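Visitor: I am new to this structure. Could you take me through some of the terms used for it?

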Amino acid sequence: MSEERFGEFVLVRRHEYVAELVLDRPKAMNAVSTAMAGSIAEACAALAADRDVRVTVVTSSHERAFCVGADLKERNSLTDAELVRQRPLARAAYTGVLELPMPTIAAVHGFALGGGFELALSCDLIVADGTAVVGLPEVSVGVIPGGGGTQLLPRRVGAARAAELIFTARRLPAPEAAELGLVDVLVETAQDRDEALALATRIAANSPIGLRAAKRALRLGHGLDLRAGLEVEDAAWRSVAFSADRAEGVAAFNEKRKPEWPGE
């Protein structure tokens, strides 16, 4: 396992083909400051460019929180002009996670609120333990979910359910979050990271070219009518059908052996 730090608050660990992006600002329960947002964006840019990374897992170094959202203490000190300048930096953190080309998994325990939950929503899958508390409480402090929440939550739970959750600003405990589909896998307490890494390892056994193309088809096709979605799928299929990974996968299947993916 290797480690690389991005600024003071983000750590990336490499577990062979799985990358672990660790939110590491424990003194602030991973509240996303301007500096931390920049580090998340920088780490995501590095991961996106690394063809050896097949799956990314977002985790937390804090025992009682995944991420409590934006750093409101810092926000309180910003002038309007400073807030305008800070906005693109904040957005870059959330879009950095959202636009990672490989499958992504969030490992959530404790509080995942506001921007913290939006970081999780930016992932393809969310694994949560029994201590998780999730929600988008931004309207309770006079703003709106601005890290993708108004767009990502309804894609998970439907427009009316998302409206109720955002308008009431309520926090959901893990069992209700799982029942409503806000998280995908509910695990025993303190097992979220281990289970997410285990899931990532299972996913990473598959073709890296296939995984990225499948994610692209899923993301780009969502919300389109069926005919347009099938065209997106066909384009993704064509991008892998003549790849070295496809040739290796078919050969390995016929030879009854484990594939050794070229990744191209």
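**Helix, sheet and salt bridges**

Guide: In helix α10 of this predicted model, the residues Gly-229, Val-232, Ala-236, Val-240 and Ala-241 are buried. These buried residues pack against α9 (208-221) and α11 (244-254).

Visitor: How do you know that the span of α10 agrees with that of a helix?

Guide: Helix α10 holds 16 residues, 226-241, and at 1.5 Å a residue it should span 22 Å. Its end C-alpha atoms are 22 Å apart, so the two agree.

Visitor: What makes β5 and β10 edge strands?

Guide: The open sheet has four strands in the order β5-β7-β9-β10, with mixed pairing. β5 (65-67) and β10 (172-173) each have a single partner strand, so one side of each lacks a neighbour in the sheet. β5 pairs with β7 (residues 111-113) in the parallel sense over two bridges.

Visitor: Why is the contact of Glu-20 and Arg-193 called a salt bridge?

Guide: The cut-off is 4 Å between a side-chain nitrogen of Lys or Arg and a carboxyl oxygen of Asp or Glu. The side chains of Glu-20 and Arg-193 meet at 2.7 Å, N to O, so the pair is within the limit. Glu-20 lies in strand β3 and Arg-193 in helix α8, 173 residues apart.

Visitor: Why is Glu-20 called buried, and what is Arg-193 called?

Guide: Buried means under 20% relative accessible area; Glu-20 has 0%, so it is buried. Arg-193 has 30%, which lies between 20% and the 50% limit for exposed, so Arg-193 counts as partly exposed.

Key
Residues numbered from 1 in each chain as written. Predicted model: local features only at pLDDT ≥ 70, side-chain atom pairs only at ≥ 80, totals over all residues. Heavy atoms only, no water. Expected span 1.5 Å × (residues − 1). Buried < 20%, exposed > 50% of the residue type's maximum accessible area, 1.4 Å probe, protein only. Contact = heavy atoms within 4.5 Å. Pairing = 2+ DSSP bridges.
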